[in-house]
Amino acid sequence: MLRRFNETGRKTIAREHASVRIRPSEGDQPTSFKVDFELEDYNFSPDAVVRIEAWRSNIGERWEAGTVRDVVERGYLVDQMREAPITSQFRVVVVEGDGTGKLLGASGPIKPRLPVESLIALEPQDLGAEVWRVDFGDGDRPTLLVNNQLEMMSEIVRNDAQFRALVMPQVLRSVLTQIVFVDGADLDDEEDGWHKGWFILAQSVHGGQVPKVTERDDQAQAEIAQDWIEQVVSAFSEQKVHAADLYREVQQAAT
């Protein structure tokens with residue numbers, strides 16, 4: 001559990017002065033992150049301690065970045081994520097270096113930048129009898145959970161075109177349903193939120209006006225939105241993953 005700090009007189013670290021980039025795991029290499037700092041203008045004590053916190057739901061992890069003097073000289077921190085999932089939010093905190101734990105400054109929640117091709121994070125987890133599941137956590141960026149009891153499951157999702165052809169259209173349907181019906185997001189309202197990448201993907205395969213459900217009990221709006229989602233998924237299946245063709249290959253290989 002993350003320790004609480006005395007927040008009297010703390011300074012707010014602007015998000016543009018503490019950005020986070022994620023590098024997903026590759027082979028035997030765990031997921032890593034890089035934080036770029038710009039703390040020179042905050043006048044923290046050089047001996048104060050800089051820490052990084054990451055969390056999602058009830059899972060958290062913390063790293064020591066060194067003193068403010070170290071961070072200002074180095075300008076960044078690179079470390080590995082072994083407990084916190086790739087979809088975590090981050091926070092930079094600065095505390096007294098005398099062991100009192102007094103909080104001198106902190107950023108708000110920082111959403112890390114994922115590689116541009118990664119609209120959905122991949123996370124192995126105990127899913128019991130399920131093979132995969134889309135998880136929206138606390139309303140953050142969606143995660144594709146895969147069963148960690150099935151051998152090579154993460155590699156199959158990333159590299160097996162036939163598996164992706166069968167799974168990804170339903171993943172897209174689930175995400176668009178969440179965006180339109182649950183979050184009520186609209187392309188014109190999005191600046192750099194996680195919805196925007198999915199809107200861009202949808203328009204790249206289908207085009208047309210993105211529907212917005214402003215009244216949950218408006219049947220006409222709901223039907224228009226549902227029809228748009230199905231058209232997007234159909235176009236995605238045909239243009240991006242060639243779902244039907246690959247499924248035919250699976251059937252032919254089995255006979």
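**Before you start**

The model is predicted, so local features need pLDDT of at least 70 and side-chain atom pairs count only at pLDDT 80 or more, while totals for chains, interfaces and linings use all residues. Residues are numbered from 1 along each chain as its sequence is written, and side-chain values use heavy atoms, with hydrogens and water left out.

**Stop 1: the whole chain**

Show the protein chain as a cartoon. It holds six helices and 11 strands. Helices (H or I, at least four residues) and strands (E, at least two) are DSSP runs, numbered from the N terminus. Of the 255 residues, 42% are buried. Buried means under 20% relative accessible area, exposed over 50%, and partly exposed in between (1.4 Å probe, protein chains only). Now consider contacts, meaning heavy atoms within 4.5 Å. Among contacts with a separation of 6 or more, 57% join residues 24 or more positions apart.

**Stop 2: the five-stranded sheet**

Select S1, S8, S7, S4 and S5. In that order they form an open sheet with mixed pairing. Two strands pair if DSSP finds at least two bridges between them. The edges are S1 (11–13) and S5 (59–67), each pairing on one side only. From one strand to the next, the twist averages 25°. Axes here are lines fitted to C-alpha atoms, for helices over the stretch in contact, and angles run from 0 to 180 degrees between N-to-C directions.

Zoom in on S4 (residues 49–56). S4 is antiparallel to S5, over eight bridges. Pick Val50: its bridge partner in S5 is Gly66. S4 also pairs with S7, again in the antiparallel sense, over seven bridges. There, Ala54 stands opposite Phe90 of S7.

**Stop 3: strand S7**

Select residues 89–95. How many of the seven residues of S7 are buried? Seven of the seven are, so the strand is largely enclosed by the rest of the structure. Show the side chains. Gln89, Arg91, Val93 and Val95 point one way, while Phe90, Val92 and Val94 point the other way. Val93 has Ala106 of S8 as its bridge partner.

**Stop 4: Asp70**

Select Asp70, in helix H1 (residues 68–74). Asp70 is partly exposed, with a relative accessible area of 32%.

**Stop 5: the three-stranded sheet**

Select S9, S11 and S10. They make an open sheet in that order, with mixed pairing. S9 (121–125) and S10 (132–135) are the edge strands, each pairing on one side only. The twist averages 30° from strand to strand. S9 and S11 (residues 143–147) run parallel, over five bridges. Pro124 stands opposite Val146 in S11.

Next, click Gly137 in the loop between S10 and S11. Gly137 is partly exposed, at a relative accessible area of 38%. Gly137 and Ser57 are 80 residues apart in sequence, but their C-alpha atoms are 7.1 Å apart.

**Stop 6: helix H3 and its partners**

Select H3 (residues 161–182). H3 lies across S10 and S11, running at about 25° to S10.

H3 and H4 pack at about 120°, with axes 11 Å apart. They are therefore oblique to each other. Angles under 35 degrees count as roughly parallel, over 145 as roughly antiparallel, 65 to 115 as roughly perpendicular and the rest as oblique. The H3–H4 crossing is left-handed. A crossing is left-handed if the near helix is turned anticlockwise from the far one by less than a right angle, and right-handed if clockwise. Leu172, Val175, Leu176 and Ile179 of H3 meet His195, Trp198, Phe199 and Leu201 of H4. By class, the contact has seven nonpolar, one polar and no charged residues. Ala, Val, Leu, Ile, Met, Phe, Trp, Tyr, Cys and Pro count as nonpolar, Asp, Glu, Lys and Arg as charged, and the others, Gly among them, as polar.

Finish with H5 (residues 219–241). The H3 and H5 axes come within 10 Å and cross at roughly 150°. That makes H3 roughly antiparallel to H5. This crossing is right-handed. Residues to show include Met168, Leu172 and Leu176 in H3, and Trp228, Ile229 and Phe236 in H5. The contact of H3 with H5 divides into 15 nonpolar, three polar and three charged residues.
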